[in-house]
Amino acid sequence: MMWIYKKVKIIFIITLLLNVTSCFELELENPNTVSEASFWKSENDLFQGVIAAYDALQLGGLYAGNIPVILTGLSDDGTGESTNEYYAPFRFKIFNSNIYLSEVMWIHFYAMIGRSYQVIDRAVLIEGENVKNIEAEAKFLVALSYYNLVAIYGENIAYVDRIQEASDFPERAEEGELYGLMQTLLTEAIPALKLASEYSEADYGRVTKGAAQALLAKVYMQQQNFEDAEPLLKDIINSNEYELLPAYADNFYENNGINKEAIFVINFLHDGPATESNRTTRHQGFSPREKLGTYGDVQPTQFVYESFLTELDIDGNPDPRLDVTLFHPGSTQLFIGEPYSWWESRFRNSEINTGYFKYSEQQFIENFATEFDGGTDFILIRYADVLLLYAEALNENGQMSEAYAYVDLVRQRANMEPLSIAKPSLDKDSFLEQLKHERVVELSGEVTRFFDLKRWGMYNASNVERDPNFETFVNGRSDVQPIPQSELDLNKNLIQNPGY
């Protein structure tokens, strides 16, 4: 059982007060109880602390459920057709359910930040061969949290950069301040982190140098700083630590081995506790609808389905990634044991007639209503993503001819004609438009589109041409989610986002 799955429950008890019959109070401390004073002494204590930070990733509030569902539904590659708590927020309407979405993401990401700073701030007092690496892992997790929080809530959120006391009320971050913090943390982390090949198989899933470089490149690109992103992405490619898997589909199945395409992966344990690993809402929520034990919280938009139909592969067949990504009218696969013909009449919206198939773990389903025995890892940063980002950075930096080769690597794996042959000599703007298409057919449903839309300036009401839900998008308000009212009540330094 890999270390990352170990549930850490550290209980800090300062003293135990016992009332006795001799007219005085005797103050005793149980020597077997872990206290804050007795913990944080060794490298192993620090290691246990970073495990607790990693553990937040697997919670239902983050990547075991809510984040993939919510950020897909808030993008144009996902919609929610079920009449549940997601219906109104996915249409950018303000209802009480919006508070639920805001709270769950805010609380869990700040919890990961808090756990990580327990490690970062104490690492300077602890000696050990791996202390710097552990500290760097925690810095990555803080940066990852802020990368999401800034995209979801905007830049003017709580600025937390150290261990918080109960009396602390974090200041409201200024524009650029959190991006600066992310850049500092990742720049410090990169030289201290191990390469993927330097970890043992038992440590698969820990933050690597390549993961930190990729995240820092993404941080730069979200700020339109392609010049600083380019060398980071190039270093990842030249490191020879990662490669595209021969079969695209193998990224989304549990194969009980190390995935060389996964740059940063959230490990889910096969046959582990149901609350952590098996029946994750990430799998249940990505169903055509709430049938056969699934939730049906998010479905692909018609835009995603049609994107796969715009180009045939070199054998004259539809893009083979279609069958891996979507459960669609031409699917030969079963979904929860039933063919597409069974599901066809059960879609809530006849215009939304597909479901996400990738990551749905059909190979493990016997009786979904009672047993869901899967633990497929969720790849947060994939090598194909890095190749396409590098092509984008090269294009933005005026190196369009060099950019083609990296798009071609991704296309050729999918049996698509090289772009350098299909569409040679594209100019800068046309090449970017093609890249937008390439990222849809390669990465849909993998929580990249939300950030792509923001980077490209497409997260606005004009996106209604791809997703009808954007018809009720209000520019200047819907760009970000509301800060939870509970946080505003607790911390008077925070101000609600405009329009809420």
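Does Phe92 count as buried or exposed? At 5% relative accessibility, Phe92 counts as buried, where buried means under 20% relative accessible area, exposed means over 50%, and partly exposed lies in between (1.4 Å probe, protein chains only). Please keep in mind that this is a predicted model, in which local features need pLDDT of at least 70 and side-chain atom pairs count only at pLDDT 80 or more, while totals for chains, interfaces and linings use all residues. Residues are numbered from 1 along each chain as its sequence is written, and side-chain values use heavy atoms, with hydrogens and water left out.

**The chain as a whole**

- The protein chain has 17 helices and 8 strands; helices (H or I, at least four residues) and strands (E, at least two) are DSSP runs, numbered from the N terminus.
- Of the 500 residues in the protein chain, 58% are buried.
- Among contacts in the protein chain with a separation of 6 or more, 68% join residues 24 or more positions apart; a contact means heavy atoms within 4.5 Å.

**The nonpolar cores**

- The largest nonpolar core holds 141 residues, of which Leu71, Phe140, Tyr146 and Phe264 touch the most other members. Such a core is a set of buried Ala, Val, Leu, Ile, Met, Phe, Trp, Tyr and Cys residues joined through side-chain atoms within 4.5 Å.
- Helix α4 (residues 131-153) gives this core its largest share, 16 residues.
- As background, nonpolar side chains tend to be buried together in soluble globular proteins.

**Helix α2 and Leu71**

- α2 is mostly covered, with 8 of its 8 residues buried; Leu71 is one of them.
- Not counting residues up to four places away in sequence, Leu71 touches Met105, Asn148, Ile152, Val447, Phe450 and Phe451.

**Cavities**

- Searching the whole structure turns up 9 cavities of 30 Å³ or more. On a 1 Å grid over the protein atoms alone, a cavity is a set of points where a 1.4 Å probe fits but cannot get out; points are joined across faces, edges and corners, and a volume is the space filled by probe spheres set on them.
- The largest cavity contains about 190 Å³ of space.
- Its lining has 20 residues, of which Tyr147, Lys218, Leu380, Val447 and Phe451 lie nearest the centre; lining residues have an atom within 4 Å of a point.
- α4, α6 (209-222), β8 (378-382) and α16 are the elements that give two or more residues to this lining.

**Loop residues to look at**

- Phe92 sits in the loop between α2 (66-73) and α3 (96-123), and its phi is near 60°, a positive value in a residue other than glycine.
- Asn415, in the loop between α13 (400-413) and α14 (419-422), also has a positive phi, near 65°. At 24% relative accessibility, Asn415 counts as partly exposed.
- For background, most residues other than glycine have a negative phi.
- Ser444 lies in the loop between α15 (428-443) and α16 (449-455) and is buried, with a relative accessible area of 3%.
- Leaving aside neighbours within four places in sequence, Ser444 is in contact with Asp77, Val304, Thr325, Tyr356, Lys358 and Arg439.

Terms used. 1 Å grid on protein atoms, 1.4 Å probe; cavity = no way out; pocket = protein on both sides within 12 Å on 5 of 7 lines; lining within 4 Å.
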